[in-house]
Every structure is written in C-alpha cells, then in structure tokens.
Amino acid sequence: MQPRTPLVLCVLLSQVLLLTSAEDLDCTPGFQQKVFHINQPAEFIEDQSILNLTFSDCKGNDKLRYEVSSPYFKVNSDGGLFALRNITAVGKTLFVHARTPHAEDMAELVIVGGRDIQGSLQDIFKFARTSPVPRQKRSIVVSPILIPENQRQPFPRDVGK
C-alpha cells in the first residue's frame with residue numbers, strides 16, 4: 001500500500017466535510033408538518049391512536065419530550081398522539097410542543113367540527129370583569145417588629161413567629 005500525499009488527504013477531507021455539511025443542510029429541526037387537521041369524532045377513545053407526529057432535531061432526538069396543551073391527551077415516544085380517557089369535547093385547537101437539548105418546536109392540531117368547551121379562559125375572564133363583587137387586597141396581620149441598630153451578639157436573632 002502506497003502512502004497518500006498531503007494533497008490527496010486534503011481532497012478526501014474536503015469531500016467528507018462537504019458531505020457532512022450537505023447532510024446538515026438537508027435536515028431542518030422541528031416538526032415536519034406544523035399544522036394538522038383532525039375531524040372531530042363522536043368521542044376520542046382512551047389509548048386509541050389519533051395521529052402520528054414526526055419530530056427531528058437532526059441529532060438523533062436524544063431526550064425528546066412532548067407536551068400537549070390539553071391534559072386529556074399525551075404523545076408517546078414514537079410520536080403517537082392518543083387520549084388518556086374517553087372524551088367528547090376538547091375544543092377547536094390543540095398544541096403539541098416537542099423539546100430536545102438541541103431543538104424545540106410547536107405543532108398546531110386543528111379539530112374540524114370541534115366546539116369551544118364550556119368554561120374556557122375567555123368565559124372565565126368575561127365573568128371576572130362583569131362580577132359585581134369588588135376586588136380587595138389581602139390584609140396581613142403582623143405584630144410590630146422592633147430591631148434596634150448596633151445589636152450585640154448572638155446572631156441570628158429571632159424577630160417574630
């Protein structure tokens with residue numbers, strides 16, 4: 001076997017660098033699709049797969065974690081979205097947030113035919129604005145504390161209970 005010249009090694013090294021940088025350019029971290037449309041079924045059934053999400057951080061998805069905006073749904077490690085219990089009304093939109101140490105992204109799940117659920121945040125805030133009961137600050141009852149300057153030891157001292 002003949003030793004390679006420095007020029008040949010430089011060419012080989014540059015080809016390897018070009019290949020790795022081309023692979024990095026092909027990969028875009030995050031969800032492959034940002035918006036999903038799901039038809040509202042009569043009922044989301046517990047442990048039944050609803051949708052498969054595809055997330056990539058371009059580094060192997062090490063320590064991938066999913067969070068769903070509704071407490072009634074969960075995404076497993078394979079990217080499968082499923083209901084944690086039987087549920088009929090979930091609202092019009094769900095958000096899924098995926099995070100790894102290298103990337104994070106959010107996908108929107110639009111539920112076609114979904115209705116706003118009762119007791120939404122908008123309804124709660126409307127009620128708070130129209131409520132006849134005025135808001136009050138809490139009153140704190142604390143006995144007066146006297147701490148003279150230049151106290152002698154021992155420290156720390158108890159100043160109240």
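I looked up Val68 first: its bridge partner in strand 8 is Val96. Strand 5 and strand 8 (residues 93-99) run antiparallel, and four bridges join them. I count two strands as paired if DSSP finds at least two bridges between them. Strands here are DSSP runs of E, at least two residues long, and helices are runs of H or I of at least four residues; both are numbered from the N terminus.

The model is predicted, so I note the limits: local features need pLDDT of at least 70, side-chain atom pairs count only at pLDDT 80 or more, and totals for chains, interfaces and linings use all residues. Residues are numbered from 1 along each chain as its sequence is written, and side-chain values use heavy atoms, leaving out hydrogens and water.

Four strands form an open sheet with mixed pairing, in the order 2-9-8-5. Strand 2 (35-39) and strand 5 are the edge strands, each pairing on one side only.

Then I searched the whole structure for disulfides (cysteine sulfur pairs within 2.5 Å). I found one. It joins Cys27 to Cys58, S to S 1.7 Å. The pair links distant parts of the chain, 31 residues apart. Cys27 sits in the loop between helix 1 (6-26) and strand 1 (30-31). Cys58 sits in the loop between strand 4 (55-56) and strand 5 (65-68). The link of Cys27 and Cys58 is left-handed, with -95° about the S-S bond.

Cys27 counts as partly exposed because its relative accessibility is 25%. Cys58, at 30%, also counts as partly exposed.

Key:
Buried means under 20% relative accessible area, exposed over 50%, partly exposed in between (1.4 Å probe, protein chains only).
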